[in-house]
Amino acid sequence: MGGTNPYIANTEYKHPQKTYTITYMKPDGGVTKIEVDPSKIPYGNTGLPGSILDIAISHGVELEHVCGGVCACSTCHVIVKQGLETCNEGTDDEFDQLDEAPMTSLQSRLGCQCVPDGTKDIVVEIPAVNKNLVREGH
Ligand code: FES
């Protein structure tokens with residue numbers, strides 16, 4: 001599933017102009033570092049083009065996305081440990097959804113709505129609790 005949510009405000013974001021990396025710290029302790037090539041954005045069709053979710057899914061990094069990347073759940077919650085200042089501003093709708101997520105912090109974002117501009121490398125933690133909650137729901 002992909003596309004946009006017609007009920008939320010449009011978010012503004014800038015696409016990167018140069019190659020940068022996103023490092024994903026996964027719940028199992030594994031780390032995956034991905035080089036993001038601006039010319040390949042969007043990598044897929046889930047989440048905003050060039051979002052942390054778009055990059056993750058297209059590179060085999062497991063990041064839940066129950067609503068299909070349209071800011072209508074909170075399962076794509078990530079904690080941006082480094083480079084948050086290079087990401088687009090979150091909308092009220094995004095932060096409303098994040099209120100539903102466990103273990104949020106001031107660096108929390110929805111992976112599907114968070115688009116880095118590529119001026120710095122990004123480090124993202126995928127909270128373990130996301131995975132557990134989704135498992136319980138199945
Ligand atoms: S995938 Fe549902 S809010 Fe991001």
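Guide: S1 and S5 run parallel and are joined by 4 bridges. Strands here are DSSP E runs of at least two residues, helices are H or I runs of at least four, and both are numbered from the N terminus. Strands count as paired if DSSP finds at least two bridges between them. Opposite Tyr-24 stands Val-124 in S5.

The model is predicted: local features need pLDDT of at least 70, side-chain atom pairs count only at pLDDT 80 or more, and totals for chains, interfaces and linings use all residues. Residues are numbered from 1 along each chain as its sequence is written, and side-chain values use heavy atoms, without hydrogens or water.

Now the other partner. S1 pairs with S2 in the antiparallel sense, over 6 bridges. Thr-23 has Lys-33 in S2 as its bridge partner. The two strands form a hairpin with 5 residues between them. In that turn, Gly-29 has a positive phi of about 90 degrees.

S1 is mostly covered, with 5 of its 6 residues buried. Buried means under 20% relative accessible area, exposed over 50% and partly exposed in between, with a 1.4 Å probe and protein chains only.

Next, the core. The largest nonpolar core holds 24 residues; Ile-22, Tyr-24, Ile-52, Leu-63 and Val-124 touch the most other members. Such a core is a set of buried Ala, Val, Leu, Ile, Met, Phe, Trp, Tyr and Cys residues joined through side-chain atoms within 4.5 Å. Strands S1 (20–25), S2 (31–36), S3 (77–82) and S5 (122–125) and helix H1 (52–58) each give two or more residues to this core. H1 gives the most, with 4 residues.
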